[in-house]
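Take a look at the chain below. The text that follows goes from its overall fold to its cores, and then to a few local backbone features.

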Amino acid sequence: MSNFIHFKGILTELQETSSHFALTCHKQDDNSTFILNLTKETLIFNSTSYEPLLVSELKRGFFIHAYVHELQPAMMIFPPQFSPTLVLVNEKDLFYGNKVGTYNAGTSLVEADLRLNISQNTKIIDAVGESIATEKLDGHDIAVFFKMSTRSIPPQTTPQKIILLDD
């Protein structure tokens with residue numbers, strides 16, 4: 001089971017404070033609102049190009065998928081506010097080919113949901129964007145970006161990019 005809670009919505013408002021950026025998002029499925037507090041450490045990526053984004057590149061109407069570590073403290077406030085580890089963004093609702101979870105090198109699985117066939121072309125980086133060795137991924141939380149996967153159980157893919165989310 002994943003160590004992350006997944007939130008998705010549409011960006012409706014972006015505010016800058018002295019310490020962070022606050023993204024107000026609207027959930028389509030239950031018509032509620034949540035706020036994402038982004039700091040300098042928050043990783044922001046385009047969901048289809050896999051390229052990092054700056055907060056200044058975000059716009060109202062963008063689709064947002066945010067991943068918050070399950071053990072991270074959250075304020076008891078309404079609307080709920082979270083400080084995500086990773087935010088995936090797109091102008092359209094295109095979020096296929098993304099997986100966040102813990103990697104097991106022995107089984108090559110992310111959670112029990114996706115088998116990775118890591119190739120020489122797979123870009124593997126840490127949270128600051130520096131290349132790292134595949135061996136550093138074992139037992140750690142990662143974000144995986146891929147173009148396609150098999151229909152087997154579990155599905156298999158050769159990822160385009162892997163980001164180590166913790167150390």
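Buried means under 20% relative accessible area, exposed means over 50%, and partly exposed lies in between. Met75 has a relative accessible area of 47%, so Met75 is partly exposed. This is a predicted model. Met75 sits in the loop between β5 and β6 (81-82). Leaving aside residues up to four places away in sequence, Met75 touches Asn37 and Gln81.

Now step back to the whole chain. It holds 14 strands and zero helices. The radius of gyration is 16 Å, close to the 15 Å that the globule rule gives for 167 residues, so the chain is as compact as a globular protein of that length. Along the principal axes, the C-alpha trace spans about 40 × 30 × 30 Å. Of the 167 residues, 44% are buried. Take the contacts between residues at least 6 apart in sequence: 62% of them join residues at least 24 apart.

The surface comes next. The accessible surface amounts to about 9,500 Å², and carbon and sulfur atoms account for 51% of it. The chain carries 13 positive and 19 negative side chains. The centres of these two sets lie 7 Å apart.

What lies inside? The largest nonpolar core has 18 residues. Leu36, Leu38, Ile44, Leu58 and Val89 have the most contacts within it. At least two residues of this core come from each of β1 (4-16), β2 (21-26), β3 (33-38), β5 (63-69) and β7 (86-90). A second, separate core has 16 residues, among them Leu43, Leu86, Ile125 and Ile163. Ile44, from the largest core, touches Leu38, Glu51, Pro52, Leu53, Val55, Leu58, Val87 and Val89, not counting residues up to four places away in sequence.

Finally, the backbone. Most peptide bonds are trans, and most residues other than glycine have a negative phi. Where does this chain depart from that pattern? The bond from Phe78 to Pro79 is cis, with omega near -5°. Pro79 lies in the loop between β5 and β6. The bond from Ile153 to Pro154 is also cis, with omega near -5°. Pro154 belongs to the loop between β12 (141-145) and β13 (156-157).

Ser108 has a positive phi of about 60° and lies in the loop between β8 (98-104) and β9 (109-110). Its relative accessibility is 21%, so Ser108 counts as partly exposed. Glu111 has a positive phi of about 55° and is placed in the loop between β9 and β10 (114-116). Glu111 has a relative accessible area of 14%, so Glu111 is buried.

How values were computed
Residues are numbered from 1 along each chain as its sequence is written. This is a predicted model: local features need pLDDT of at least 70, side-chain atom pairs count only at pLDDT 80 or more; totals for chains, interfaces and linings use all residues. Side-chain values use heavy atoms; hydrogens and water are left out. A nonpolar core is a set of buried Ala, Val, Leu, Ile, Met, Phe, Trp, Tyr and Cys residues joined through side-chain atoms within 4.5 Å. Buried means under 20% relative accessible area, exposed over 50%, partly exposed in between (1.4 Å probe, protein chains only). Helices (H or I, at least four residues) and strands (E, at least two) are DSSP runs, numbered from the N terminus. Contact means heavy atoms within 4.5 Å. The radius of gyration is taken over C-alpha atoms; the globule rule is 2.2 Å times the number of residues to the power 0.38. Accessible areas come from the Shrake-Rupley method with a 1.4 Å probe; for residues, only the protein chains shown count as cover. Lys and Arg count as positive and Asp and Glu as negative; His and the chain ends are not counted. The place of a charge is taken as NZ of Lys, CZ of Arg, CG of Asp or CD of Glu.
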